[in-house]
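This report describes how two chains meet in one model. The sequence and structure come next.

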Amino acid sequence: MRGAAVRTVGAPILLGIVALALWQLAVVALDVKPFVVPSPLAIGTAFGSTPDTILRAALLTGANALVGLLVGTVVGILFAVLAALSRVIDEITAPIVAGLAVVPIVALAPVFYTMFGANAQTARQLIAALAVFIPVFVNTLRGLRQVRPVHRDLMRAYAASPWQATRTVTLPGALPYLFTGFRIASSLAVISALVAEYFGGPIDGIGRAITTAVASSNYALAWAYVLGSILLGLVFYCATLALEILATRHRRRA
Amino acid sequence: MTEVPTTGPVPIGVPAVEVRGVDKTFSSKNGTVTALEGIDLAVAPGEFVSLIGPSGCGKSTLLRLIADLEAPSTGSVTVFGKTARQARIDQEYGIAFQQAGLLPWRTVRANIELPLELHGASRAERTARATELLELVGLSDFGGSYPDQLSGGMQQRVAIARALAERPRLLLMDEPFGALDEMTRERMQTELVRICGETGAAVVFVTHSIPEAVFLSNRVVVMSPRPGRIREVLAVDLGRAADRRDDLREDEHFFANVSAVRELLHGDQGARPAVRGVENR
Ligand SMILES: Nc1ncnc2c1ncn2[C@@H]1O[C@H](COP(=O)(O)OP(=O)(O)O)[C@@H](O)[C@H]1O
Ligand SMILES: [Mg+2]
């Protein structure tokens, strides 16, 4: 057991170290210019020299992503429950969701900045929320429709009320689907909130920091911010993945 | 131990199940299917009756009519003198299907407590009853396990415990052992015989295994397909069902009854070795 765990964790770490070493070697040996790609040591140094500014930028983008994630998730669940309960709402939402799914949502950023003012974070949060809504809605609705016939029969045999059946069978059965949607949505939230910063709005956030650093030819710093955004995405992903694993324990059918 | 108040006393002579002149047709895009035609059947309180016949002869449909999971197209179904619908609302029966149908996010104990919980039994009552039932089906050590941690046979025992939770006077079972291996299946049959002896419930039991039907039943209802009809009802002369033990499977009376059911099943098909979908093992 221990040996296997050490190997599953150790192998990728070792691979990462080897890759970084090769990268460093290539940059130095081939004299690659920083605007092409800086060496990992240079990026590390830039990251280490201003960890607090990077953290602050990441927290701001992260906060926007989190607001969008929560709002989009709540609205997504709400509409999924309504669509599962009512055929009419289902028929109305289906084309809207299908339409929304093909819209590249960050393309709306400039429009939203003029709508909500370029000094507010609202546009970025809204874009994240819209991106989040789709996978949460689609997955939750699928989960709600997943009630097995044998469970439906059982609830009828028990003369359970519609609310009892929803509470004991439908909602718990939909939870793993919901959390899968939530995990997918969490990455989208970070990406959308960050990319939205490229199109305007307040001069803060990690996306803005990247463009600013590139504009002032500080490539190592730009990459340090990229590293920061990767870490931010990982935090969101790991947190929601942990929730998903927790929600899908004991789910083999019986 | 308090009872869950569901059932009153049965007047003498009222059958547990009475099916009279029932037809059942299903309509779909591809036309209508006559699943059952002219079904008449009565099951006495405490009696064990098996429905046997090839796949598609309407066994499950008949059971679902009794459970009020479907409504008959014509004819009537009564359970302890009530309409099937009223009997379902009054929780007169417990039911178990071929799939255990446990809720995977609940522990074994919580699964057994499910019907009690839905019908408002107190926590103390639920705990006491679940403990009793876990013991009855030999799973006392597994109350805290989740269904995915149990074997198929154990899951099916949980499903049976759940069906018995409210002490129903009628048990409806649709091939509950159909997915189990032969050895587990025989052990479950012996256990079911014991449980029925202890609870005194009437049972309607769907199966497509002839020995299973004979071992368990007071009467075997042999059905034929297209349209689903009752071909014959055979009384099994092997003594009280509750007194049957494993060694009965070696008994010549047992074999005689198995042969009798087999002949009825194959009926007009004469010397053909087996009806499709019916097991002869
Ligand atoms: N819900 C349904 N809709 C349409 N046809 C059905 C339905 N349920 C059963 N049938 C048909 O009724 C017949 C009897 O089915 P069933 O009772 O399941 O048979 P058995 O349990 O004996 O195998 C079959 O032809 C089946 O296709
Ligand atoms: Mg069937």
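Buried area is the accessible area (1.4 Å probe) that two parts lose on being put together, summed over both. Between chain A and chain B it is about 2300 Å², and carbon and sulfur atoms give 58% of this area. The model is predicted, so local features need pLDDT of at least 70 and side-chain atom pairs pLDDT 80 or more, while totals for chains, interfaces and linings use all residues. Residues are numbered from 1 along each chain as its sequence is written, chains are lettered from A in the order in which they are written, and side-chain values use heavy atoms, without hydrogens and water.

Contact means heavy atoms within 4.5 Å. The table gives the residues that each chain brings to it.

| Chain | Residues in the contact |
|---|---|
| chain A | 21 residues |
| chain B | 27 residues |

A salt bridge is a side-chain nitrogen of Lys or Arg within 4 Å of a carboxyl oxygen of Asp or Glu. Two salt bridges are found across the interface of chain A and chain B. Arg156(A) forms a salt bridge with Asp68(B), with 3.3 Å between the closest N and O atoms.

On the side of chain A that touches chain B, the elements giving two or more residues are helix H7 (149-157) and helix H8 (162-197) of chain A; helices are DSSP runs (H or I, at least four residues), numbered from the N terminus. H7(A) supplies the largest share of that side, seven residues.
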